[in-house]
Amino acid sequence: MKLVIGAHYEPAYMLTRHVDFLTKALVRTQRGVNAGDEVEWIRGNGWCSATRHNNVVNEALGWGADYICFFDPDQVASHDIFLRLLAWARQGMPVVGALY
């Protein structure tokens, strides 16, 4: 299973708490994935947020991602969030979504 974690941000807008969260979450995720699972981080590029989102999707599809998780710079969650998303995917859940 291949999971892409993507963000559509410009570095000037990255919140310190978000960067701290991502660092810890990505380390935990890399240590906890099952054999054969892959996790990739992609930062979207472009002049607006829609273009950056599309950039993440295009790169993820080119990499062969099964799932894409957008995690924006104003979001913080538990450090095991990506492992929990992979667990949902293993149970056959095609989409997990949230609005804020």
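Predicted model: local features only at pLDDT ≥ 70, side-chain atom pairs only at ≥ 80, totals over all residues.
**Reading a β-α-β-α-β-α chain**

Student: How many helices and strands does the protein chain have, and in what order do the elements run from the N terminus?

Tutor: The protein chain has 3 helices and 3 strands, and from the N terminus on these elements follow the order β-α-β-α-β-α. When contacts between residues at least 6 apart in sequence are considered, 75% of them join residues at least 24 apart.

Student: How do I read the two faces of a strand?

Tutor: In a regular strand the side chains alternate between the two faces of the sheet. In strand 1, Lys2, Val4 and Gly6 point one way, while Leu3, Ile5 and Ala7 point the other way, and all are buried; the strand is accordingly described as mostly covered, with 6 of its 6 residues buried.

Student: Which strands pair with strand 1, and in which sense, parallel or antiparallel?

Tutor: Strand 1 pairs with strand 2 (residues 38–43) in the parallel sense over 6 bridges, and 4 bridges join strand 1 to strand 3 (residues 67–70), again running parallel.

Student: Which residues make up the largest nonpolar core?

Tutor: A nonpolar core is built from buried residues joined through side-chain atoms within 4.5 Å. The largest one here has 12 residues, namely Leu3, Ile5, Phe21, Leu22, Ala25, Val33, Val39, Cys69, Phe71, Ile81, Phe82 and Leu86. Strand 1 (2–7), helix 1 (16–32) and helix 3 (81–90) are the elements that give two or more residues to this core. A second, separate core of 5 residues includes Val4, Ile42, Val56 and Ala65.

Student: With what is leucine 3 in contact, if neighbours within four places in sequence are left aside?

Tutor: With those neighbours excluded, leucine 3 is in contact with Glu38, Val39, Glu40, Trp63, Tyr67, Ile68, Cys69, Phe82 and Leu86.

Student: Why do the buried residues of helix 3 line one face of the helix?

Tutor: The buried residues of helix 3 are Ile81, Phe82, Leu86 and Ala89. Seen down the axis of helix 3, these buried residues fall within an arc of 140°, and therefore they line one face of the helix.

Student: What share of the protein chain counts as buried, and how much area does the chain expose?

Tutor: Of its 100 residues, 33% count as buried; the chain exposes about 6,200 Å², of which carbon and sulfur atoms supply 54%.

Technical notes: Residues numbered from 1 in each chain as written. Heavy atoms only, no water. Buried < 20%, exposed > 50% of the residue type's maximum accessible area, 1.4 Å probe, protein only. Contact = heavy atoms within 4.5 Å. Areas by Shrake-Rupley, 256 points an atom, 1.4 Å probe, with all protein chains shown as cover. Arc of directions from axis to C-beta. Pairing = 2+ DSSP bridges.
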